[in-house]
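Please keep the model open while going through the numbered points.

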Amino acid sequence: MRKELTLFVLAGGLIVSGNTFAQQKKQYSNLNDTVVSIDEVVVSSERKKMNVLKLEAPAKFLPVSTNSLNGKVLENRGITDIQTASRFLPGVRIQTTYGAFQQISVRGFDHSVIMVDGVRDERSSIDNSYPFMDLTSIESIEVLKGPASVLYGQSAVGGVINVVRKAPSEKNMLNARVAYGSWYNMQATASMGGKLAGPINYLASFNYQNTDGWRDNKQQRLSGYLALGGQLTEKDMIDVRISGNRDFYSTEIGLPPTMTRTIYKASNNEEYLHSGDMLPGLDREARYNSESDFMYNRSFSVSATYKHEFSSAAKLTERFSYSYDDIDYFGTEELSYLTSNEAIYDYYYLGSDNSKTYICLDSIYYNYPLRFSHIAKTYNNQLELNGAFYTGNVKHNYLTGYSLIALRRVSYTGYLFGSSGDDVTGPGLTGHGSVYNPHSIGWMDTKFSRANPSNRWMHGFYLQDLVEFNDQLKWLLAGRYDLYSYRRTTNLPTIDGQRKFEDIPSSEYNKIKNHAFTFRTGLVYLPTEQFSVYGSFGTYFKPINTFYSATTIYIDKDGKEYNPEDGGEVFKPQSGYQLELGVRYELGERLQANASVYYINKRNMTRTLASVGDVVNGETLDKSVVGQVGRMDSRGFDIDVTYCPIAGMSLTAAYGFTNAKTREMADNPYMSSDSSKGKQFSYIPKNTFSAYGDYLVQKGFLRGLGVNLSVSFQDKVYRNTSNTTYFDSYWLTDLGLSYTLKNHVRIGLNINNLFDKEYYNQSLGNQMVPSMPRNFLVSASYTL
């Protein structure tokens, strides 16, 4: 606690000292200084060129659907995590599992690519869940909807999210903020920037957060960010960014599981609970995790961008980045009820043969301790040439480039316990706990026994041309060719139980290769300068990281058996396309509106069609059967409107409809029917809605008073492919008040979940995780 208080006081001291500095400076300034300070906190609705689109052209010239969320909207609400921020992005859903792992989907498809400053976070191509940076240093969040493989390579299916961090400028600035909220939530942030030396500007920021959490799910987050850059000459620019974080999260296993069968009372055989019901009387604040559970995320990244302008027809950009990410996790993930074939408990359920299994609903035992660590090192290089030229009266805005991504990841595991090994030891390994009074089950020690190293290489060659026939008609044509290779080996012994191992020659790794060509084309028509209509068609691909096995029968996308080459391509990449129609309207800074309707098709999905021992066509199989016969699609529409009726006021409403369903498999000789056909895709809400507004009084005796209000809706979300379990739909409302003083100090109050809605948005299997009740955050900040 002493360390937290020290940091808290330090940031408070920055505010006080900055305030003193402003008072000293005031004698050399005039009243306009105060006006500028107030104006800086107004949310502007101006639509700038979006970085995620790459081409140097207005968004309205491009046949793509985009959304952008200003970082000031998040700052006014005290939002620093990506999941909460996603509530304001239609068609996007992010949920947190295990306490820290973010799962991202866009337009009904998971494994969505997320980027920072236009650089892919390659963890999204490996797993669909990983911890993500805090948002204290961001400028905006951009979303490019629909397939984006033509811009960013593999796995960009439903869309791409780009987190844009603040850039350095020559304007001197200082900002410090402290905040305190429910459950001892303490935050301290500070940033400063301006001219450093010669043409080089800088921006440095720091963030610390510590909270006990409403269910004792503690978090400690520490991050730093440094950006250096400037115009070296009239034609040369450089930008260097360095960041790091050291975060701790308590893991989260939720409440005791809901019932998987109908439960009866043993005393009178009456029904007590139905399948899917939660035990009555559970304390939503109770924490059931083992005392030994933990999760750390430590990361470091550096990027350097150099731009040289030969002429308006040729501008060269070289961007290199390196990132190191370390995830260290231990969690006892499964809670189970005690059962017996003997009538020793007060309740029972019936098996498929109507036999009784007696179950204790007062006690649980802790099972499946999971120990793992992922260390990932990523090298990313992009070399691009862009510019504009004319062929007659037709203007061409082009972009061509080469992208190289190399990823080395080593996953360490400690999964062997009990009779299998001694990776996990201690009294907590066999611990039992109380359902209604959870307590310590005893400590556990862990170690690693296996290392699983892997390497990925991705080469992409791409070309885009935005053709402007005239002021009204634009045509985009883009293509990309990608080469993908993946090597992996498993179960290498560790050294002394630590994250060390003796590697084997890469020639002995399992290998696969994929390649794909993707494209996008579309037309934009602007009958007026403010209004545009567009239509587009685009494709995507996603590699399938399946290695060859002699004990598997392979079925291709046409339902026919084939024999892949060991070390080559086992399955074709997942692929598909999107058709989209959309409209945009922009009336200066006062009104912006977007609407689009789309259809996305996904095919070449792998499915297990039969297992060893299954009887198919009268024969008992001695091999498993895997086929590339799965299909799904998503159809829907998005709409968002931003309106600024008066100075200092911004109002935004957004709605997304997503109907993502599993479709009929390709005909094959091993599985003729599919129970999941026509089912809603799991973890994808059909309807999402958000409305948020910000108002800062510009004049009068209330000048400097700010108000923000946010309302969001999430529809029912199915938790399994059979659509039998789900999260209920819910509305959330947040309210914020602030007052900016003449001495550059801003005082704020945020009340989240204003109406104290009880809801669930995540689970671990059938272990439901309650979401946060009403809570508050008080903040004080100084900006110069």
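Which backbone nitrogen does the side chain of Asp734 reach? Point 2 gives the reply, after a word on the model itself.

1. Basis and confidence. This is a predicted model, in which local features need pLDDT of at least 70 and side-chain atom pairs count only at pLDDT 80 or more, while totals for chains, interfaces and linings use all residues. Residues are numbered from 1 along each chain as its sequence is written, and side-chain values use heavy atoms, with hydrogens and water left out. The pLDDT is the predictor's confidence in each residue, from 0 to 100. The protein chain averages 89, and 93% of the residues score at least 70. Over residues 1-47 the pLDDT is below 50, although this stretch has 72 contacts in the model beyond near neighbours in sequence; a contact means heavy atoms within 4.5 Å. Where pLDDT is low, the predicted coordinates should not be read in detail.

2. Asp734. The side chain of Asp734 reaches the backbone nitrogen of Asn753 at 2.8 Å. Such a polar contact is a pair of N or O atoms within 3.5 Å; within protein, one must be able to donate a hydrogen and the other to accept it, and residues adjacent in sequence count only if both atoms are side-chain atoms. Asp734 belongs to strand β40 (residues 730-740); strands (E, at least two residues) and helices (H or I, at least four) are DSSP runs, numbered from the N terminus. Asp734 counts as buried because its relative accessibility is 9%, where buried means under 20% relative accessible area, exposed over 50% and partly exposed in between (1.4 Å probe, protein chains only). Leaving aside residues up to four places away in sequence, Asp734 touches Arg87, Asn708, Leu709, Ser710, Ile751, Asn752 and Asn753.

3. Nonpolar cores. A nonpolar core is a set of buried Ala, Val, Leu, Ile, Met, Phe, Trp, Tyr and Cys residues joined through side-chain atoms within 4.5 Å. The largest has 26 residues, and those with the most contacts inside it are Val52, Leu53, Leu144, Tyr152, Val160 and Leu466. Two or more residues each come from β4 (113-116), α5 (149-152), β23 (450-468) and β24 (473-488). Of the elements, α5 gives the most to this core, with three residues. The neighbours that Tyr152 touches, beyond residues up to four places away in sequence, include Val52, Leu53, Leu144 and Val160. A second, separate core of 24 residues includes Met259, Tyr347, Val717 and Met768.

4. Aromatic pairs. The structure holds 34 aromatic pairs. Rings of Phe, Tyr and Trp (its six-membered ring) pair if their centres lie within 6.5 Å; planes under 30 degrees apart count as stacked, over 60 as edge-to-face and the rest as tilted. Phe101 and Phe372 form a tilted pair, at 6.3 Å centre to centre with 55 degrees between the planes. Phe101 lies in strand β3 (residues 101-106) and Phe372 in strand β18 (residues 356-391), so the pair ties together parts that are 271 residues apart in sequence. Both Phe101 and Phe372 are buried. Another tilted pair joins Tyr577 and Tyr599, at 6.1 Å centre to centre with 50 degrees between the planes. Ring pairs also link Phe517, Phe519, Phe537, Tyr577 and Tyr599 into a cluster.

5. Charges over rings. A charge sits over a ring if NZ of Lys or CZ of Arg is within 6 Å of the ring centre and within 35 degrees of the ring normal. The charged end of Lys716 sits over the ring of Tyr726, 4.8 Å from its centre. The charged end of Arg719 sits over the ring of Phe727, 5.6 Å from its centre.

6. Backbone angles. Most residues other than glycine have a negative phi, and most peptide bonds are trans. The phi of Lys54 is positive, near 70 degrees. Lys54 is in the loop between α2 (32-39) and β1 (66-70), and counts as buried because its relative accessibility is 16%. The phi of Asp216 is also positive, near 60 degrees. Asp216 lies in the loop between β10 (200-211) and β11 (219-231), and at 48% relative accessibility Asp216 counts as partly exposed.

7. Glu271. Where is Glu271 found? Glu271 is in strand β14 (residues 271-273). A polar contact of 2.9 Å joins the side chains of Glu271 and His274. Glu271 and Ser311 are 40 residues apart in sequence and 79 Å apart in space, C-alpha to C-alpha.
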